[in-house]
Amino acid sequence: MADTVTITIDNQAYDVLPGLNLVDVAKQYDIDIPVFCYHPKMDPVGMCRMCLVELGSVAVNRATGEPELDDNGDPVVRWFPKLQTACTQTTFQGMVVKTNTAKALEGRAAILEFLLTSHPLDCPICDKGGECPLQNLTMAYGPGESRFLYDDKLHLDKHVPLGDLIYLDRERCIQCARCVRFCDEIVGDDVLAFHERGRRLQIVTISDPAFDTKFSGDTTDICPVGALTTADFRFGARAWELKEVPSICAYCPVGCNISASTRLDRDSGGKHVIKRIMPRQNESVNEIWICDKGRFGHHHSLAADRLTSPMKRENGAWVEIDWATAYKEIGTKLAQYKDQVGFLAGPMLSNEDYWEMRRLARLTDRNCQLGLWPATMTGHEQVTQVGVGVGTRIQDMGSDSAILVIASDLEEEAPVWYLQVKQAADRGAKVVVANGRPTKLDQHASATVHYAYGDAVDVLNNFAVIASRKKSNLDSDLIDARVEDFAAFEESLKGARVPKEQNEAAEMLCGVENLVVFVGGEGLTLDQHAELMQAAANLLIMTGHVARPNNGLVPVWDGGNMQGAFDMGFSSEATVRLLDTAPALWFIAEADPVGEDGQMAATIEKAEYVVVSTQFMTPTAEAADLVLPVQSFAEREGTYTSGMRRVQRFYMAQTPLEATLPGWKVFASIGAGMKGGEKARISAGLVMRDITQHVLRYAEMGYPKLAEVEAQFPDVGGLDLYYGGTAYANTGGLGVQWATNAEKEKYQLTVRPVDVASETPDGLLLVPVQVLYDRGTLFERSRIMHPRVPTPYAAFSAQDAADLGLVDGAPIMLTVDDRAINVTVQVRDTVPVGTVLVPRHLNQSPLPPAPAVCTVTVAEMIEG
């Protein structure tokens, strides 16, 4: 076999690639080499010594280059005099390994005996019991009894909070350093470290606030003992009591695969409830990691203030009604208002919800607008043309690749993508970050471009200008075959002056094999975002970075299933049209425009009738005439589509609250009672069947196809939890990514000049930004996360703060179009002069959806 080497493990020869980790190779051939400190996602360190093996190499005659043979004609093996750590060895020609000799087994038994000298015998009450690598390996390789005296046992603290979310039991820790190395190597957050020496060696947090990373929960998954536990699951259930149900996190566009650990719960009336959320392996999406928002943000599904019955407003008060009455009244109202009805959907509905809402809208009137909320981003056409190629995996990108992130604070908006881009930079990928302000990703960037808010389109267009100046940067074959009017587009780029820093950044992007462009919406109006998406498409098409894996466009959507919403026919532009026409009847699904936007609040207030489907009594629900209680993600099944266009299934994990229904069922049941309506489908699977028959790109997305799985590396979730941690193997489906037009030769590709014009603000510019931990309707119910949610604030530059007489922590009022926003001041070096950054979903007062000029009133003037 070409480019391979022959190694021998336990007297069996294998042809493998050179330079592979020995533990990984053995794992692929079902050869057991136990580990504690080694993890296939991190660099080996050989700290725990559990992987000891006998190691040698075939002796080679220097004169002939052939193996030396003994008297029996067998190769002569030169053995190391002592046992070696397998995790620090890589494969080479002639490697010989013995994993199960008496010498190797004796070495492992000694290591376990040493590790257990001060380890507590509390397996019956340990959260890791039943899924503990130390427990399993002790049974398999341990000595059975200890020679150490109990009186010599070292006693340490057993309930040490490393932060708000993670607790450390110092007696259980075996100093494998997985948690420290994960934070350092994978995430890039220097938040954990070792303290003391010898037997008193301990894990400590070295950040302020404590354990300050958005991935702290992942350390509990890779911890090989019960030293690290989560605050919401600690002593909550035993591993063998839990049933794992595949699901999908819908908080952001990554589409992380998760596993809901459920059981019958006495405190919840004998219902199946979620006890914890764990990562589920999908190497094409989130690998084996999830952020803390996805892990701890599920508690809304059991919140005490969930709505459990349809309610109608009568004489200013809410009155409970049954579903039949609700369906009939809504159907009558829709038939009455017809073309005066507007439909508005939030970004976290399932594809099945969007489809049935669309069908209901078409029953009402063929021209009904299907609005999407928030209406801040667009570009479905560009994603359809040049979205990343099928098979894209950021973890495969390295020194031959470049990644551009523009108008996005990726750590706050899509944390796992941030993690993957950071790791790509570590592997040598050129990362260019362009934004109106510095972000955390700048630390790992090869180049940064900081532009004035409003100039993002100009920056990306300048990158295209630089690309066009060298013919070697252009994909002439693609342009000649599939791009119309390229000459006219190229002519529009001539004469532009490009700043030096943008020139250098563009050069990094042009001459690489692979290029992925992440486009966010920070600091942009809807029109500007449309132009930015086209500018990204222009650059990708002209340089030929389309139609193959690890190339193309990735929108950092403002919601977990905005891609699915676009695919089902909803759009931000339709929302703008709804605002312009002000429908008499609004039907709003799982969105809170009243609580998030002053203009929408005023428009909806003037409506004659408002229907809202929601889990909670939001400000929008309070403004409604009829409210419908719908189920959470945990109580139903369906599909979401990620920002990389991967359609993925989630399954019912929790007993539904009485009298709640999935959104698609509500919309379908209303339509069933209307003229021309059909009987509601009996399952989400049948709704998806309808979608496959009417939405071309979803033709292959039936539930059986979405549920297919295949072997992944690393192998996790089996009996050998010591290897990959307690992340779960994927049994629910890897999903299917739909192909773009660029990947189908029959489609032409479109480039066009973009509008780079921007207006200079006449005053202080308020720019809405996203923070991961906010007070959104669902996430706010996870009280365990409240210490991580900042108080409402506005961030100023030091210069603007001095000019306005503001100091850190001072209460102020921002005013935009006569709407007041009460916040406290934060003075930061990273804020551009003339700009104030205000996070969305922290304040009860709605923010403008796009940048807007504001005025500042200090506390003394407010009180006066």
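Trainee: How many salt bridges does the count come to?
Mentor: The count comes to 47 salt bridges, where a salt bridge is a side-chain nitrogen of Lys or Arg within 4 Å of a carboxyl oxygen of Asp or Glu. This is a predicted model, in which local features need pLDDT of at least 70 and side-chain atom pairs count only at pLDDT 80 or more, while totals for chains, interfaces and linings use all residues. Residues are numbered from 1 along each chain as its sequence is written, and side-chain values use heavy atoms, with hydrogens and water left out.

Trainee: Which residue forms a salt bridge with R306?
Mentor: The partner of R306 is E635, with 2.9 Å between the closest N and O atoms. This pair links distant parts of the chain, 329 residues apart. R306 is in the loop between α6 (292-296) and β15 (311-314), and E635 is in the loop between β26 (626-629) and β27 (638-641). The helices (H or I, at least four residues) and strands (E, at least two) are DSSP runs, numbered from the N terminus.

Trainee: Is R306 buried or exposed?
Mentor: R306 is buried, at a relative accessible area of 5%, and E635 is buried as well, at 2%. Buried means under 20% relative accessible area, exposed over 50%, and partly exposed in between, with a 1.4 Å probe and protein chains only.

Trainee: And K470, which side chain does it meet in a salt bridge?
Mentor: K470 meets E507, at 3.8 Å from N to O.

Trainee: Changing topic: which residues touch the most other members of the largest nonpolar core?
Mentor: They are F36, F182, L192, I403, L410, W417 and F518, in a core of 129 residues. Helix α11 (residues 415-426) gives the most to this core, with seven residues. A nonpolar core is a set of buried Ala, Val, Leu, Ile, Met, Phe, Trp, Tyr and Cys residues joined through side-chain atoms within 4.5 Å. A second, separate core has 104 residues, among them Y451, L478, A506 and V546.

Trainee: What is F182 in contact with, leaving aside its neighbours within four places in sequence?
Mentor: With those neighbours set aside, F182 is in contact (heavy atoms within 4.5 Å) with M42, V187, F215, D218, T219, I222 and W289.

Trainee: Where does D218 lie?
Mentor: D218 lies in helix α5 (residues 218-222), and it is buried, with a relative accessible area of 0%. The C-alpha atoms of D218 and F182 are 8.5 Å apart, although the two residues are separated by 36 residues in sequence. Beyond four places in sequence, D218 is in contact with F182, P279, I288, W289, I290 and R295.

Trainee: How many aromatic pairs does the count come to?
Mentor: There are twelve aromatic pairs. Rings of Phe, Tyr and Trp (its six-membered ring) pair if their centres lie within 6.5 Å; planes under 30 degrees apart count as stacked, over 60 as edge-to-face and the rest as tilted. One of the pairs is W323 with Y327, whose ring centres are 5.5 Å apart and whose planes are at 35°, so the pair is tilted. Both W323 and Y327 lie in helix α7 (residues 323-337), four residues apart, about one turn of the helix.

Trainee: How far apart are the centres of the rings of W417 and F518?
Mentor: The centres are 5.4 Å apart, and the planes are at 55°, so this pair is tilted. W417 is in helix α11 and F518 in strand β22 (residues 514-519), so the pair ties together parts 101 residues apart in sequence. Both W417 and F518 are buried.

Trainee: Which residues form one aromatic cluster?
Mentor: Y251, Y773 and F779 form one aromatic cluster.
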